[in-house]
Amino acid sequence: MQADTPIIELRSVSKSFGDTHANRAVDFDLMPGEIHVLLGENGAGKTTLMNILFGHLQPDSGTILVQGDSVDIGSPSDAIARGIGMVHQHFSLVPSFTVAENVMLGVGKVTDLTIDSRDIEQAVTARAEELHMPIDAAVTVVDLPVDLQQRVEIIKAMYRGARVLIMDEPTSLLGPTQIANLLEILTDLRGSGHSIILVTHKLAEVMEVADRVTVLRRGERVASMRRGEFDERSLARAMTGQEREPLPERTSLQTADGPALRVDRLTVPSTHGHGVAVSGLSLEVKPGEILGIAGVEGNGQRELVDAIIGLAEPQSGTVTVGGIDVTHAPPADRRSAGLGAIPEDRHGLGLVLDMTLAENLAITELASGGYRSRGVINWQRIHADAERLLTEYDVRPPDPKATAGSLSGGNQQKVVLAREMARGPKVLVADNPTWGLDVGAIDYVHRKLIEMRDAGGAVLLLTLDLEELYKLSDRVVVIYRGQQMLEAPASKLDQDALAMAMAGRTSD
């Protein structure tokens, strides 16, 4: 195979689902030994195209070539046989099996009593070390953190002889350190001659590792560029079809003397039922500032948010909003005190997907007795307010009768923003507010948070995205095992000190 000949080619591939055109005559190719990023907003057709290449879907039209030969890939087995592996966003591992058993599943008969499990483990361990991805092959997968489960998926594909590896949104569930480790693994695989297709909508990852980028928008290929020909601005413009404006510069920080939110010596039990997740933590957010909370996932962030918004009962300590003690208050009383929340799980906690947008926008006020006159709900006013908010927050479609479940992730998040911010809360807890969103929706959320801060509101921002942390925060608090490791102005916090604090170490 010549180095200047594509190892994979997709020519004029189209795929529709009813009236929805997921892919429209898309061309894509992959060269030996390169990382080719397939970039686009959510719903752009990236995953559909890769599912066609891996045999999960069949194209309506178009041609697939592998090493120059036209082929039919009717199933994932056909793809694997041709040296193509795929790691999906949601893994396909058997949790109760060991690493070795998952890797060998479908390759060898792991239940065959003539096969020694130690031999399997040794073989998998050797292959993992060859790939510079060491792992204990005897460990049960359910006991592994998410980044090591992903590593098992990669090893499994490589063990089956994959020379082409498709990574579909591989960083969506990872923290910053885990993302850095994954990108290093992909770089090592490229160095050993593997070819990688990285499906993502995150521009920072593109800038880090991409040799080439192909951009899809609404199912069509709109750009293809080599390293040196693109930057974040040009990629964002290609993804969205419009210029990406920079965030407004920070005005001088002018905060009131008293905090809008104060957490004092808070201790919260772990949601897993073992010990405490937050241990004697104190912090405060003043009006007119964004306080960013940084930390590797699982260090008490979830329990901290739940204790603040009223979903978890602390063992000790206090939470005050605008000077009002809400430590043991129900969520409705916290909202009355001036607390708003953008939960990480917008499906489970932020919205009721089967309800209309009007109902979702009014639900908290209805629960507090609003929109009622003599016990009768004023639906006319609910729909009028919904129409105004949907237009103001650019929700598409701006239809109060549409269900929340019918909207894209970005538009769902706009509905949550509209409901929480339209009340003018004193404090907004924003828990990973851009998780799973594309670049256009991310920019929108960032601007709204900045607007609230500049209007004198207080924002507590929890995020696993370090770029987002630096971009939005005025101050940063790092927590490790539920305790504060570091506090500093974001403008004076260097990444080495941040990384050490997130690992539970202080820089002396």
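Me: In which sense do strand β9 and strand β10 pair?
Reply: This is a predicted model. In it, β9 covers residues 212-217 and β10 covers residues 220-226. Six bridges join the two strands, and their sense is antiparallel.

Me: Which residue in β10 is the bridge partner of Arg212?
Reply: β9 runs over residues 212-217, and its pairing with β10 is antiparallel. In β10, the partner of Arg212 is Arg226.

Me: Which residue in the hairpin of β9 and β10 takes a positive phi?
Reply: Two residues lie between the strands of this hairpin. The phi in question is near 55 degrees, and the residue that takes it is Arg218.

Me: What should helix α15 span at 1.5 Å a residue?
Reply: Helix α15 has 16 residues, 439-454. The expected span is 1.5 Å times one less than that number.

Me: How many of the 16 residues of α15 are buried?
Reply: Buried means under 20% relative accessible area. Among the buried residues of α15 are Asp443, Tyr444, His446 and Arg453. The helix is largely enclosed by the rest of the structure, because the buried count is 12.

Me: Is Ser373 buried or partly exposed?
Reply: Ser373 is found in strand β17, residues 372-373. Buried needs under 20% and exposed over 50%. Ser373 has 49% relative accessibility, so it counts as partly exposed.

Key
Residues are numbered from 1 along each chain as its sequence is written. This is a predicted model: local features need pLDDT of at least 70, side-chain atom pairs count only at pLDDT 80 or more; totals for chains, interfaces and linings use all residues. Side-chain values use heavy atoms; hydrogens and water are left out. Helices (H or I, at least four residues) and strands (E, at least two) are DSSP runs, numbered from the N terminus. Buried means under 20% relative accessible area, exposed over 50%, partly exposed in between (1.4 Å probe, protein chains only). Two strands pair if DSSP finds at least two bridges between them.
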